[in-house]
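This report describes how one protein chain is folded. Please look at the sequence and the model before reading on.

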Amino acid sequence: MQMICHHEVTDFDAWKTAFDADDEARRSAGLTVLQVWKHVDSTTHAFFLLNVNNRDKAQGWIDRSNALHGDDGNTVTHASAYFIDPA
């Protein structure tokens, strides 16, 4: 299973620094980063694809991230995440 996420951010570079710093928490939640993208025409949209080893732990990471805005350096203004499987 994978998870695709979209974050609206105040600044992509600041968000990416905070995102990279959260690597240990993601790994503890059984998440592996497969790809990170930034919007071509905007510095306020970040997208990323994660491999999910445990859905419950992944949901816990989402819930924790949504509750603790300081973990993202206060850069995320809106977040969405979707669990997906290949069709």
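Over the ring of which residue does the charged end of Arg 26 sit? The charged end of Arg 26 sits over the ring of Phe 19, 3.9 Å from its centre. A charge is said to sit over a ring if NZ of Lys or CZ of Arg is within 6 Å of the ring centre and within 35 degrees of the ring normal. A second example is Arg 55, whose charged end lies over the ring of Phe 83, 4.2 Å from its centre.

The model is predicted: local features need pLDDT of at least 70 and side-chain atom pairs count only at pLDDT 80 or more, whereas totals for chains, interfaces and linings use all residues. Residues are numbered from 1 along each chain as its sequence is written, and side-chain values use heavy atoms, with hydrogens and water left out.

**The sheet**

Helices (H or I, at least four residues) and strands (E, at least two) are DSSP runs, numbered from the N terminus. Four strands, in the order β2-β3-β1-β4, form an open sheet with antiparallel pairing. Two strands pair if DSSP finds at least two bridges between them. At the edges lie β2 (31–38) and β4 (76–84), each of which pairs on one side only. From one strand to the next, the twist averages 20°. Axes are lines fitted to C-alpha atoms, for helices over the stretch in contact, and angles run from 0 to 180 degrees between N-to-C directions. Helix α1 packs on this sheet and touches β1, β2, β3 and β4; its direction makes about 170° with that of β2.

| Strands | Bridges | Residues facing each other |
|---|---|---|
| β2 and β3 | 7 bridges | Leu 31 and Val 52 |
| β1 and β3 | 7 bridges | Glu 8 and His 45 |
| β1 and β4 | 8 bridges | Val 9 and Val 76 |

**The nonpolar core**

A nonpolar core is a set of buried Ala, Val, Leu, Ile, Met, Phe, Trp, Tyr and Cys residues joined through side-chain atoms within 4.5 Å. The largest one here has 16 residues, and those with the most contacts inside it are Met 3, Trp 15, Leu 31, Phe 48, Leu 50 and Trp 61. At least two residues of this core come from each of β1 (2–9), α1 (12–21), β3 (45–52) and α3 (55–67). Strand β3 gives the largest share, 4 residues. Contact means heavy atoms within 4.5 Å.

**The aromatic rings**

The structure holds 4 aromatic pairs. In the pair of Trp 15 and Phe 19, the ring centres are 4.7 Å apart and the planes are at 25°, so this pair is stacked. Rings of Phe, Tyr and Trp (its six-membered ring) pair if their centres lie within 6.5 Å; planes under 30 degrees apart count as stacked, over 60 as edge-to-face and the rest as tilted. Trp 15 and Phe 19 are separated by about one helical turn because they are 4 residues apart in helix α1.

Trp 15 counts as buried at 2% relative accessibility, and Phe 19 is buried with a relative accessible area of 6%. Buried means under 20% relative accessible area, exposed over 50% and partly exposed in between (1.4 Å probe, protein chains only). Phe 19 also forms a tilted pair with Phe 48, at 4.8 Å centre to centre and 55° between the planes. This pair links distant parts of the chain, since Phe 19 is in helix α1 and Phe 48 in strand β3, 29 residues apart. Phe 12, Trp 15, Phe 19 and Phe 48 form one aromatic cluster.
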